[in-house]
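Subject: Structure for your review

Dear colleague,

Please find below the structure that I am handing over to you, followed by an account of what was found in it. I would be grateful if you could read the account with the structure open.

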Amino acid sequence: MCAEFGVTPRTLRYYEYIELIAPEREGRKRLYTPRDRGRLKLILLGRRFGFALERIRQWLDLYDEDAGTELQTRMWIESSATRLEELEREREELDQTIDELRALREAAIAGMLTGKRHAAE
């Protein structure tokens, strides 16, 4: 599972500990079912998009309760709209920070060039 999904054993154990996945056990060996694999795919996708584990748990629980996808899909649509707004705000802030840093860097370069010219004269 670790190699297949690019996660550490610690991550898998943590997801198991917080009951996001529930592999079967044979002694100390964990046996991951197709259901566990599907849940892990959804968990990792949610984490990639920046969703909290509790929000991901809610989606997974809805799927288990509803045995379908309509309610889960509706919740996903609402959550993704909110997350998109957050990401767009973060991007605007990041773009502003990049512009400020670029301007300061260019000013520093210009100052160095101006300083070198004066030193040469």
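What pattern does the protein chain follow when read along the sequence? The pattern is α-α-β-β-α-α-α, which comes to 5 helices and 2 strands. Helices (H or I, at least four residues) and strands (E, at least two) are DSSP runs, numbered from the N terminus.

Two remarks on conventions are in order. This is a predicted model, in which local features need pLDDT of at least 70 and side-chain atom pairs count only at pLDDT 80 or more, while totals for chains, interfaces and linings use all residues. Residues are numbered from 1 along each chain as its sequence is written, and side-chain values use heavy atoms, with hydrogens and water left out.

Overall form

Along the principal axes, the C-alpha atoms fill a box of roughly 80 × 35 × 20 Å.

Of the 121 residues in the protein chain, 23% are buried. Here buried means under 20% relative accessible area, exposed means over 50%, and partly exposed lies in between (1.4 Å probe, protein chains only). The accessible surface of the chain comes to about 9400 Å², and carbon and sulfur atoms account for 53% of that surface. Accessible areas come from the Shrake-Rupley method with a 1.4 Å probe; for residues, only the protein chains shown count as cover.

Among contacts between residues at least 6 apart in sequence, 41% join residues at least 24 apart; contact means heavy atoms within 4.5 Å. The chain carries 22 positive and 24 negative side chains, and the centres of the two sets lie 8 Å apart. Lys and Arg count as positive and Asp and Glu as negative, whereas His and the chain ends are not counted. The place of a charge is taken as NZ of Lys, CZ of Arg, CG of Asp or CD of Glu.

The nonpolar core

The largest nonpolar core has 17 residues, and those with the most contacts inside it are Leu12, Tyr15, Leu20, Leu40, Ile43, Leu53 and Ile56. The elements giving two or more residues to this core are α2 (9-17), α3 (34-48) and α4 (53-66). The largest share, 5 residues, comes from α4. A nonpolar core is a set of buried Ala, Val, Leu, Ile, Met, Phe, Trp, Tyr and Cys residues joined through side-chain atoms within 4.5 Å. In soluble globular proteins, nonpolar side chains tend to be buried together.

Not counting residues up to four places away in sequence, Leu12 touches Met1, Cys2, Val7, Ile21, Tyr32 and Leu40. Met1 is found in the segment before α1 (2-5) and counts as buried, because its relative accessibility is 19%. With the same exclusion of residues up to four places away, Met1 touches Gly6, Val7, Leu12, Tyr32, Asp36, Arg37 and Leu40. Met1 and Tyr32 are 31 residues apart in sequence, and their C-alpha atoms are 7.8 Å apart in space.

Charged residues

Which charged residues are buried, and which are exposed? Arg39, in helix α3, is buried, with a relative accessible area of 8%. Leaving out residues up to four places away in sequence, Arg39 touches Glu19, Leu20, Ile21, Leu60 and Asp64. Glu16, in helix α2, also counts as buried, at 16% relative accessibility. Beyond its neighbours within four places in sequence, Glu16 is in contact with Ile21, Pro23, Arg25 and Arg30.Glu19 lies in the loop between α2 and β1 (24-26) and counts as exposed, at 61% relative accessibility. Although Glu19 is not a glycine, it has a positive phi of about 65°. Glu24 lies in strand β1 and is partly exposed, at 48% relative accessibility. Apart from its neighbours within four places in sequence, Glu24 is in contact with Lys29, Arg30, Leu31 and Thr33.

Yours sincerely
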